[in-house]
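Thanks for coming. I will go through the packing in one model, then take a pair of helices.

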Amino acid sequence: MTKSPPDRPTGTANTGLAARLLTISADRAGQRLDNFLLGQLKGAPKSLVYKVVRSGQVRVNGGRAKAERKLEEGDVVRIPPVRLPEPGAAVTPPPTAFLQVLEQAIVFEDDRLLVLNKPSGLASHGGSGIRHGAIESLRALRPGQSLELVHRLDRDTSGLLVVAKKRSALRQLQALLREDHGAGIRKTYLALLTGKLPKGELTVQAPLHVGLRQGGERHVTVHPQGKTAISHFRVRERLSGLSLCEVRIETGRTHQIRVHAQHLGFPVAGDDKYGQEAVNRELRSQAGLKRLFLHAAELEFELGEGEDRRPYLLKAELPEDLNAVLQALRDT
């Protein structure tokens, strides 16, 4: 196969009317296929990108590929004809009031990174009926800046969401996430678990498999053929038969904490997918818990080389709604 020059399309550029072949350059190595396609097909809904990948219209080195495949330097990606919005076509921006709230939710920023304390209910990115996710909204807030998601949080999970402002930072963080199952980044969450978790640190090492239910909804189970997943739970406080825990994860699998907590027999409070419906109803009426009690509280890592190497310790305070739930439980 003859390879085209790095990141130069063959066919009709930017019209979406002809297939293109793009060769992955060094600065794109390590990027997921779906993220690469979203960058190339500006304005295409995420659902459409996943559809063309699943149907085999997207090819990597002539073969079918999964959306989560990590691209390597020299890979040749075929991008099929996709009709995109015309340049200059009207796109409804996020509401101004929402962008102001988002600005206030930025907890850290430097020349490399922008870090958001993501509210619960906000998806990490748009698609599947979601017009504006966190990354689209941040791009609207900072037009002209290059912003790329480093990782994702479940829509219902609040807390630290890291966005790279430079390709070099994105590559380094993605390498840390891949390194030894993601051990290059220390990730700590706060979770309220239903039941009295034993004292001390409780480690769950249970492989996770992502399946799809009717309608395309993702559902994760512990399965011997799943991917390695390791979580460490430690009780911080006990409240009315519940356990407020620090959870440190060594891997970043889909729904990892939620499924591992369920596997232990202590599901996360407010979890409508893996939790206990009766307990959730009681917490809603008695403590005002209206959503998943899971918060990405702390990230620790290092970036850069040599004298430019810099440590990062990022923190996001527990949101007011979850603090109110804890106070209500303490008062009972």
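A nonpolar core is a set of buried Ala, Val, Leu, Ile, Met, Phe, Trp, Tyr and Cys residues joined through side-chain atoms within 4.5 Å. Keep in mind that this is a predicted model.

The largest nonpolar core here has 33 residues. Which of them touch the most other members? They are L116, L138, Y189, L193, F233, V247 and I257. Several elements give two or more residues to this core, including helix 3 (96–104), strand 6 (113–118), strand 9 (186–194), strand 14 (242–249) and helix 6 (256–264). Helix 4 gives the most, with 4 residues.

Take V247 as an example. Leaving aside residues up to four places away in sequence, V247 touches K187, T188, Y189, A191, S231, H232, F233 and I257.

Another core lies apart from the largest one. This other core has 19 residues, and F36, A44, Y50 and A65 are among them.

Now the helix pair. Two packed helices are described by the angle between their axes and the distance between the axes. For helix 1, residues 33–40, and helix 2, residues 46–54, the axes come within 10 Å and cross at roughly 120°. The two helices are therefore oblique to each other. The crossing of helix 1 past helix 2 is right-handed.

Which residues meet there? From helix 1 they are D34, L37 and L38, and from helix 2 they are K46, V49, Y50 and V53. Sorted by class, this contact has 5 nonpolar residues, 2 charged ones and no polar ones.

How values were computed
Residues are numbered from 1 along each chain as its sequence is written. This is a predicted model: local features need pLDDT of at least 70, side-chain atom pairs count only at pLDDT 80 or more; totals for chains, interfaces and linings use all residues. Side-chain values use heavy atoms; hydrogens and water are left out. Buried means under 20% relative accessible area, exposed over 50%, partly exposed in between (1.4 Å probe, protein chains only). Contact means heavy atoms within 4.5 Å. Axes are lines fitted to C-alpha atoms, for helices over the stretch in contact, and angles run from 0 to 180 degrees between N-to-C directions. Angles under 35 degrees count as roughly parallel, over 145 as roughly antiparallel, 65 to 115 as roughly perpendicular and the rest as oblique. A crossing is left-handed if the near helix is turned anticlockwise from the far one by less than a right angle, and right-handed if clockwise. Ala, Val, Leu, Ile, Met, Phe, Trp, Tyr, Cys and Pro count as nonpolar, Asp, Glu, Lys and Arg as charged, and the others, Gly among them, as polar.
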